[in-house]
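Please read each point beside the sequence and the coordinates.

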Amino acid sequence: MDIQGKFGITVLGSGSRGNASVIHGPAGLLLLDAGFSARELESRMASRGIRASDIRAVIVTHEHSDHMKGCRIFSNKYGIKTYMTSPTCSGGLRANLLPERKTLFSTGSAFELCGMKIEAFTVPHDVDTVGFVFRVGDVKLGVATDLGHLNMLARQKLRGCAALMLESNHDRTLLMNSARPIQLKRRIIGRHGHLSNDDALDSLSELLTECTGTLILAHLSGECNNPELLQKLALDRLANLERRDILLEIAKQEVPLATRWLL
Ligand SMILES: [Zn+2]
Ligand SMILES: [Zn+2]
């Protein structure tokens with residue numbers, strides 16, 4: 001059983017086939033993305049000692065089904081609200097993924113949930129998508145898992161997080177050598193697609209500061225990435241930056257990670 005803190009993250013799973021994390025705030029638990037079936041969400045939570053009935057709200061980054069698949073059924077079952085932007089709400093409506101109770105937020109103004117101050121910021125992806133910074137006091141948890149490139153805004157928001165969860169989607173060579181259609185390859189590597197391993201690792205010199213203790217690389221492609229290779233490249237990069245002190249995790253598609261406590 002994990003030692004209980006007051007601010008933390010449990011990655012329930014991440015990758016092209018589903019994304020969800022539990023954010024532990026001082027005043028309750030939040031489900032960040034619901035990209036697995038409700039039953040799968042419950043069993044992944046149980047495997048980390050989290051009761052699904054303790055989740056106070058769901059907050060989603062964008063409408064893609066690998067982030068919203070279980071949203072409607074989970075939110076309705078527990079009678080909780082889902083927080084999303086207006087374009088994500090429209091997309092969720094088209095895909096029949098919207099729960100009964102929802103609240104819209106806009107980017108650029110912070111709001112509070114579960115004792116955390118939450119800032120949503122727009123990131124470049126092929127539909128309206130946000131990244132999040134969750135704050136308790138001065139301590140920041142930053143999450144950006146679907147973005148084609150790290151623009152100035154994303155770099156500003158994600159710099160200096162105590163824990164940073166960042167997309168590291170694909171190895172460019174594996175992607176280009178894959179059997180995927182050329183249009184799909186172009187979409188993935190494009191400015192509104194997904195961050196490559198090189199993109200993610202090249203950003204670390206700017207994003208990591210003396211505040212940073214945990215780095216979680218996430219949303220790996222099942223076919224066009226290699227977790228062992230990424231782990232080695234990332235450890236090499238952290239060593240080059242003289243940041244061997246940072247705890248590195250590679251988020252997995254099939255199994256949750258242990259909870260990381262920031263406070
Ligand atoms: Zn997406
Ligand atoms: Zn995704």
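1. Helices and strands in this note are DSSP runs, a helix being H or I over at least four residues and a strand being E over at least two, numbered from the N terminus. On that basis Arg48 is placed in the loop between α1 and β4 (55-59). The model is a predicted one, in which local features need pLDDT of at least 70 and side-chain atom pairs count only at pLDDT 80 or more, while totals for chains, interfaces and linings use all residues. Residues are numbered from 1 along each chain as its sequence is written, chains are lettered from A and ligands numbered from 1 in the order in which they are written, and side-chain values use heavy atoms, with hydrogens and water left out.

2. Overall, the protein chain has 9 helices and 14 strands, and its C-alpha atoms fill a box of roughly 45 × 40 × 35 Å along the principal axes. The radius of gyration, taken over C-alpha atoms, can be set against a globule rule of 2.2 Å times the number of residues to the power 0.38. For 263 residues a compact globule would have a value near 18 Å, and the 17 Å of the protein chain agrees with this.

3. Burial is judged by relative accessible area, with buried meaning under 20%, exposed over 50% and partly exposed in between (1.4 Å probe, protein chains only). Buried residues make up 56% of the 263 residues in the protein chain. As for contacts, which mean heavy atoms within 4.5 Å, residues 24 or more positions apart account for 63% of those in the protein chain with a separation of 6 or more.

4. A nonpolar core is here a set of buried Ala, Val, Leu, Ile, Met, Phe, Trp, Tyr and Cys residues joined through side-chain atoms within 4.5 Å. The largest such core has 30 residues, and those with the most contacts inside it are Leu30, Ile59, Met116, Ile118, Phe132, Phe134 and Leu141. Strand β9 (residues 129-136) gives the most to this core, with 4 residues. A second, separate core of 26 residues includes Leu158, Ala200, Leu207 and Leu215. In soluble globular proteins, nonpolar side chains tend to be buried together.

5. How do the axes of helix α1 (residues 38-47) and helix α3 (residues 71-78) cross? Using lines fitted to C-alpha atoms over the stretch in contact, with angles from 0 to 180 degrees between N-to-C directions, the two axes come within 8 Å and cross at roughly 70°. Angles under 35 degrees count as roughly parallel, over 145 as roughly antiparallel, 65 to 115 as roughly perpendicular and the rest as oblique, and α1 and α3 are therefore roughly perpendicular to each other. Ala38, Leu41, Glu42 and Met45 of α1 make the contact with Ile73, Phe74, Lys77 and Tyr78 of α3.

6. Arg48 is partly exposed, with a relative accessible area of 25%. The C-alpha atoms of Arg48 and Pro256 are separated by 7.5 Å, although these residues are 208 residues apart along the chain.

7. His192 is found in the loop between α7 (182-189) and α8 (197-207) and is partly exposed, at a relative accessible area of 43%. Beyond residues up to four places away in sequence, His192 touches Pro124, His125, Asp126, Gly148 and Arg187. Between the C-alpha atoms of His192 and Asp128, 64 residues apart along the chain, the separation is 10 Å.

8. Two backbone angles are worth checking. Asn96, in the loop between α4 (86-94) and β6 (102-104), has phi near 60°, a positive value in a residue other than glycine. Glu242, in the loop between α9 (227-240) and β13 (247-250), has a positive phi of about 55° although it is not a glycine, and Glu242 is exposed, with a relative accessible area of 69%.
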